[in-house]
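The sequence and structure are shown first, and the description follows.

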Amino acid sequence: MADITTDVLIIGTGPAGSSTAALLSSYGVENMVINRYRWLANTPRAHITNQRTMEVLRDLGREVEEEAYMHAAAQELMGENVFCESLAGEEIGRMKSWGTHPLSKAEHLLSSPTFMNDLPQTFMEPLLFKTACARGTQPRMSTEYLRHEQDAEGVTTTCLDRLSGKEFTIRSKYLVGADGGNSLVAENEGLKIAGQMGVGGSMNILFRADLSKYVAHRPSVLYWVMQPGANVGGIGMGLVRMVRPWHEWLIVWGYDINEPAPVVDTQMATDVARQLVGDPDLQIDLISANTWTVNNAYAEKMSQGRVFIMGDAAHRHPPSNGLGSNTSIQDAFNLAWKLAAVVKGQAGQGLLDSYTTERAPVAKQIVTRANQSIAEFGPIFDALGMTGGTNYDVIKANMDARCNTTAQAEEQREALRQAIAFKKYEFDAHGVEMNQRYKSDAVVTDGQMEPDFALDADLHYQPTTWPGARLPHAWLFDAGGNKHSTLDLAGHGVFTLFTGLGGKPWADAAAKIGKEMGVTIEAHVIGPRQEYIDHVGDWARAREVGDAGCVVTRPDQHVCWRHEGLAEEPETELRRVFTQILAK
Ligand code: FDA
């Protein structure tokens, strides 16, 4: 007999675990979350918070979204991505990033009601954790997961109470391993991690120093420093990373993984900071320093029976592209509603299989993308003549050569421009962040062809209502003239059916089938004199079905079915679709 019982036990209170807890509690599912430490993240690792993640926060509640913006550095402060010899030294190039280029900005504005921002993990975690606990999650800190055993009815997990030193057991219907890049849950469950761990070495130096005079005129979250040794290990180049504008910073500097990890003491941290800032007299107030390794690994399967892994437990990669915490929170958005539906008896266990089917390809995609981004610094080093040596004078002469008036120097400048522009794939890859299309039994395409990407799928988000894709955002208006995103009408733990004039039978069928199947299917008829009006026509252009057709979304705002016009028997159609999705 276990000491404690709960429906879902979550290991880890990082972005993955805390968001799963917050979502489950919002859906009314009993859950418990544990962390082996007494509190949440103590270093600001993740910052870049993309639009899709902000949509998850918005789904949790406008107050959650607003609080995130309140603590975040706004998008306007993120974008002057600078390449330089040091902060005080010569600037070598720059590119507008994170949706701040006017053309990208337009794409961001058209794609989502939310804004990308820079929110340190030390703010994101408390926000998600607080939301979870306030809504019913039972937290247990200083509690370490040791092992688990699953059987046909549930999972028994053994934990260590680190305060008393005593072991105890928790019995749950499901276990979620959100226990980070060294996941013991994944290991104990035998979930295979493909790829390689420890492909590069890196150190983090977190410190306070007012660097306004070097950066405030070119606001950015990232300042890339090109010095001899900058391309060794690490994330491809030396980095001075804004934590709080402009007085708190994180330096990321690589080391050779074939050598032992350096001991980063105050002297070494100060020396590295002085070197990258370019001020030999800089005084820093060191907060912490640590080393970590660059990984290139992902889980091929993210679940087995009643055990699931998510976040860094399933995808282990460098911070390039800022995808780690974002993808962790998006894993949670995918899994939480499925667990809720099964725990509440609305769906069969089969629905849970779609989690790994849908998210494992994303894990592979983002790990590959992040590691590729490291390699793509290479052409910048090549263009500057920094590759293949560490002789400072030679490198300096090669870099200086670009300032000559020769044809060769002109070629060098062009190569540098192209190499920097190509880094769009790391610093402005909107498609990587937003284009996920799921293919699983929790989506019914009825054989409709997947639309091709008209533009580069990594760089540009392409809205579509093709089943499996995220619902396109369009502003709709109520009778009072207030605007609501289509995404606001979807989500919140329920299915949603969108139709237009002539589609009322779909809405009627949704109410009936929802009742019959024990799930909520909200229905919205959009059109003149209806509850929501498409005044600007954006929804009509995005929906890819006729007025009397329908688009159906899941609680995670992904389209799960659509129909071009009114069917002869809407109820029969919806019954068929929901029987499949809910694995009845
Ligand atoms: P995470 O590691 O955060 O949390 C794991 C949790 O499990 C912790 O609470 C831990 O205590 C707990 N735990 C582990 N083992 C346990 C056990 N046995 N028992 C109990 N509890 C246990 N991402 C991003 O999206 N944008 C960005 O800009 C960046 N930037 C960035 C910079 C740097 C320098 C780094 C190193 C990383 C980033 N990241 C990032 C990545 C991001 O930090 C990372 O992907 C997330 O923290 C992953 O969240 P998880 O919740 O999966 O794991």
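Which helices and strands each supply at least two residues of the shell around the ligand? They are helix H1 (15-26), strand S8 (143-150) and helix H9 (324-343); here helices (H or I, at least four residues) and strands (E, at least two) are DSSP runs, numbered from the N terminus. H9 gives the most to this shell, with four residues.

The model is predicted: local features need pLDDT of at least 70, side-chain atom pairs count only at pLDDT 80 or more, and totals for chains, interfaces and linings use all residues. Residues are numbered from 1 along each chain as its sequence is written, and side-chain values use heavy atoms, with hydrogens and water left out.

**The ligand and its surroundings**

Around the ligand there are 31 residues, of which Asn35, Gln121, Tyr145, Asp312 and Ser325 come nearest; a residue is near a molecule if one of its heavy atoms lies within 4 Å of it. By class, the shell has 11 nonpolar, 15 polar and five charged residues. In this scheme Ala, Val, Leu, Ile, Met, Phe, Trp, Tyr, Cys and Pro count as nonpolar, Asp, Glu, Lys and Arg as charged, and the others, Gly among them, as polar.

| Backbone atom | Ligand atom | Distance |
|---|---|---|
| N or O atom of Thr13 | oxygen | 3.1 Å |
| N or O atom of Pro15 | oxygen | 3.2 Å |
| polar atom of Arg36 | nitrogen | 3.2 Å |

On its own the ligand has 1,000 Å² of accessible area (Shrake-Rupley method, 1.4 Å probe), and the protein covers 91% of that area.

**The chain as a whole**

The secondary structure of the protein chain comes to 19 helices and 24 strands. Along its principal axes, the C-alpha trace spans about 80 × 60 × 40 Å. Buried residues (under 20% relative accessible area, with a 1.4 Å probe and protein chains only) make up 58% of the 584 residues. The chain exposes about 22,900 Å², and carbon and sulfur atoms supply 51% of this.

**Gln150**

Gln150 has its place in strand S8. With a relative accessible area of 29%, Gln150 is partly exposed, a class that runs between the 20% limit for buried and the 50% limit for exposed. The side chains of Gln150 and Glu189 are joined by a polar contact of 3.2 Å, meaning a pair of N or O atoms within 3.5 Å, one able to donate a hydrogen and the other to accept it. A polar atom of the Gln150 side chain also lies 3.0 Å from the backbone oxygen of Gln304.
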